[in-house]
Amino acid sequence: MDNNKIDEGLQGNEKIETAIAALQQEASEEMLAHTLTVIRRRMKEGGQFIVAVEPPTGGNQMQIQAVQTPDGNSWWAAFTSFEEELKGSCLLYTSPSPR
């Protein structure tokens with residue numbers, strides 16, 4: 001895809017997509033550490049994610065879309081690009097902030 005058409009904060013997130021794909025191929029502590037390092041580097045570079053939201057109901061505000069895992073934990077879905085969001089390819093789940 002032409003990087004000129006990608007939101008500036010999302011440019012570079014393909015590094016995260018590559019790291020996560022490698023982690024999916026080789027699920028090891030080393031690959032997890034590598035993936036988390038790539039995510040941290042993108043954060044330090046000012047990289048951004050797309051967070052899915054639920055439409056408001058009634059007079060309520062929008063809510064961040066959450067996924068509940070079998071163990072009962074709730075996680076926010078985060079996407080590395082609009083393309084990944086449209087495909088439904090949530091590559092990353094992040095724990096909701098305790099705030």
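A: Helices (H or I, at least four residues) and strands (E, at least two) are DSSP runs, numbered from the N terminus. What you're looking at is a predicted model, where local features need pLDDT of at least 70 and side-chain atom pairs count only at pLDDT 80 or more, while totals for chains, interfaces and linings use all residues. Residues are numbered from 1 along each chain as its sequence is written, and side-chain values use heavy atoms, with hydrogens and water left out.

Quick overview: the protein has three helices and six strands, running α-α-β-β-β-β-β-α-β from the N terminus.

Now the close look. Helix α1 covers residues 14-25 and helix α2 covers residues 29-44. Their axes (lines fitted to C-alpha atoms over the stretch in contact, with angles from 0 to 180 degrees between N-to-C directions) come within 9 Å and cross at roughly 170°. That makes α1 roughly antiparallel to α2, a label for angles over 145 degrees.

Who does the touching? On α1 it's Lys-15, Ile-16, Ala-19, Ile-20, Ala-22 and Leu-23; on α2 it's Met-31, Leu-32, His-34, Thr-35, Val-38, Ile-39 and Arg-42. By type, that's nine nonpolar, two polar and two charged residues (nonpolar is Ala, Val, Leu, Ile, Met, Phe, Trp, Tyr, Cys and Pro; charged is Asp, Glu, Lys and Arg; polar is the others, Gly among them).

Take α1 by itself. Its buried residues (under 20% relative accessible area, with exposed being over 50% and partly exposed in between, using a 1.4 Å probe and protein chains only) are Ile-16, Ala-19, Ile-20 and Leu-23. They cover an arc of only 95° around the axis, so they sit on the same side of α1; the arc is that of the directions from the helix axis to the C-beta atoms. Part of what covers them is α2. Over on the other side of α1, Thr-18 and Gln-25 are exposed.

α2 has its own buried set: Met-31, Thr-35, Val-38, Ile-39 and Arg-42. These also span an arc of only 95°, which puts them on the same side of α2. Turned away from that buried side are the exposed Glu-29, Glu-30, Arg-41, Met-43 and Lys-44. After α2 comes Gly-46, with a positive phi near 85°.

Methods: Angles under 35 degrees count as roughly parallel, over 145 as roughly antiparallel, 65 to 115 as roughly perpendicular and the rest as oblique. Contact means heavy atoms within 4.5 Å.
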